[in-house]
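This report follows the helices, sheets and aromatic contacts of one protein model. Please keep the sequence and the coordinates at hand while reading.

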Amino acid sequence: MDKDRASARLRILLRHLGGRSAGAVIAQPTSEGVSPASFHPQQFQYTLDNNVLSLEQRKFYEENGFLVIKNLVSDADIQRFRREFERICRNEVKPLGLTVMRDMTITKSEYAPSERTITKVQDFQEDEELFRYCTLPEILKYVECFTGPNIMAMHTMLINKPPDTGRKTSRHPLHQDLHYFPFRPSSSIVCAWTAMEHIDRSNGCLVVLPGTHKGTLKPHDYPQWEGGVNIMFHGIQDYDKDNARVHVIMEKGDTVFFHPLLIHGSGRNKSQGFRKAISCHFAGANCQYIDVKGTSQENIEKEVLEVARKRHGVNDASLSLKNL
């Protein structure tokens with residue numbers, strides 16, 4: 001085992017010394033430049049030793065908390081995911097446990113089965129076609145760089161960001177994904193988020209605050225936005241306004257991997273089309289569930305439990321975010 005690991009490290013080093021430029025290996029198609037920091041390999045805290053990530057890519061993720069891998073998911077797979085989402089929207093399939101979400105500006109009179117009325121589906125683990133995303137070897141190869149080889153798929157989403165109605169409700173406030181997760185350690189969790197089409201600032205690309213994954217989980221609540229905000233779109237109330245924002249421009253098939261403490265959000269969709277992305281949060285099997293009572297996550301626990309009571313008639317007083 002030690003020989004294998006030493007051999008893998010040597011291959012990485014030889015590749016690094018072989019004249020490849022940093023630009024050739026750092027997957028970083030953003031609208032602003034972000035540079036990897038200069039530090040020694042023994043300081044790596046957020047990536048694991050293997051022969052997948054280059055030294056430059058590891059440095060970039062360690063310093064910034066995210067990494068984009070270009071053209072990772074095939075057009076054919078993305079088309080299959082798109083077709084399955086359309087089938088769900090038309091009520092042709094109803095996967096067990098699936099949560100269907102709509103923008104707050106869509107009235108009930110507009111609830112006719114159509115992808116124009118559904119902005120997100122969550123928890124698609126019982127949909128065999130969509131869950132294929134979580135099992136793609138090309139995705140798991142990179143996930144293992146952050147979680148280790150024993151991987152759990154924890155939370156799934158296909159996001160269909162709608163054209164903004166003018167109330168700016170298609171925005172997603174700056175937040176940390178760990179706010180929604182009652183398990184730790186955060187260093188063993190990573191999100192894989194794949195663009196299903198070209199995504200830029202015009203249709204509401206991701207915006208990240210590089211380096212914020214090195215901080216702690218901050219209190220979240222609903223932002224006081226004039227046009228309102230969608231259910232459970234909590235945001236950070238207190239963050240460094242001077243922290244440089246990076247808009248992550250992506251092409252279809254590009255995949256960004258990011259840390260659950262990275263502060264990120266997305267802008268409003270100013271285009272006339274829907275902006276689609278598919279994602280899964282993965283965790284290492286070493287993660288353990290925690291009780292969030294008495295923590296900053298207690299407000300999201302209360303909201304999730306209230307939704308469970310209304311939708312599923314669950315009235316168990318002992319129910320918690322952990323066991324739900």
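Helix α4 (residues 75–89) has 15 residues, and the distance from its first C-alpha to its last is 21 Å, close to the 21 Å expected at 1.5 Å a residue, where the expected span is 1.5 Å times one less than the number of residues. The model is a predicted one, in which local features need pLDDT of at least 70 and side-chain atom pairs count only at pLDDT 80 or more, while totals for chains, interfaces and linings use all residues. Residues are numbered from 1 along each chain as its sequence is written, and side-chain values use heavy atoms, with hydrogens and water left out. Helices (H or I, at least four residues) and strands (E, at least two) are DSSP runs, numbered from the N terminus.

**Helix α4 and its cover**

D77, I78, F81, R82, E84, F85, I88 and C89 are the buried residues of α4, where buried means under 20% relative accessible area, exposed over 50% and partly exposed in between (1.4 Å probe, protein chains only). These residues lie on the same side of α4, because they cover an arc of only 165° around the axis; the arc is that of the directions from the helix axis to the C-beta atoms. Their cover includes β3 (120–122), α5 (128–131), α6 (137–147), β4 (151–161), β7 and β14, contact being defined as heavy atoms within 4.5 Å. Just after α4, N91 has a positive phi of about 65°.

Seven strands make up an open sheet in the order β1-β12-β7-β14-β4-β3-β2, with antiparallel pairing; two strands pair if DSSP finds at least two bridges between them. At the edges are β1 (66–69) and β2 (99–101), each of which pairs on one side only. On average, neighbouring strands of this sheet are turned by 20° against each other, direction ignored. An open sheet of four strands has the order β5-β13-β8-β11, and its pairing is antiparallel. Its edge strands are β5 (172–175) and β11 (246–248), each pairing on one side only, and the twist averages 25° from one strand to the next.

| Strands | Bridges | Opposite residues |
|---|---|---|
| β7 (residues 189–195) and β14 (residues 275–284) | seven | V190 and F282 |
| β5 and β13 (residues 264–266) | two | H172 and S266 |

In a regular strand the side chains alternate between the two faces of the sheet. In β1, F66 and V68 point one way and L67 and I69 the other way, and all are buried. Helix α3 (residues 55–64) lies across β1, β7 and β12 (255–258) and runs at about 140° to β1; axes are lines fitted to C-alpha atoms, for helices over the stretch in contact, and angles run from 0 to 180 degrees between N-to-C directions.

**Aromatic pairs**

Seven aromatic pairs are found in a search of the whole structure. Rings of Phe, Tyr and Trp (its six-membered ring) pair if their centres lie within 6.5 Å, and planes under 30 degrees apart count as stacked, over 60 as edge-to-face and the rest as tilted. The ring centres of F183 and Y289 are 5.9 Å apart and the planes stand at 75°, so the pair is edge-to-face. This pair links distant parts of the chain, with F183 in strand β6 (residues 183–184) and Y289 in strand β15 (residues 288–289), 106 residues apart. F183 counts as buried at 4% relative accessibility, whereas Y289, with a relative accessible area of 45%, is partly exposed. One aromatic cluster is formed by Y61, Y142, F146 and F257.

**Helix α7 and the segment after it**

Helix α7 (residues 298–312) has 15 residues and reaches 21 Å from its first C-alpha to its last, close to the 21 Å expected. Its buried residues include I300, E301, V304 and L305. Just after α7, G313 takes a positive phi of about 65°. S320 has its place in the segment after α7 and counts as buried at 10% relative accessibility. Neighbours within four places in sequence left aside, S320 is in contact with K293, E301 and L305.

**The chain as a whole**

The secondary structure of the protein chain comes to seven helices and 15 strands. Of its 324 residues, 52% are buried. Among contacts in the protein chain with a separation of 6 or more, 82% are between residues 24 or more positions apart.
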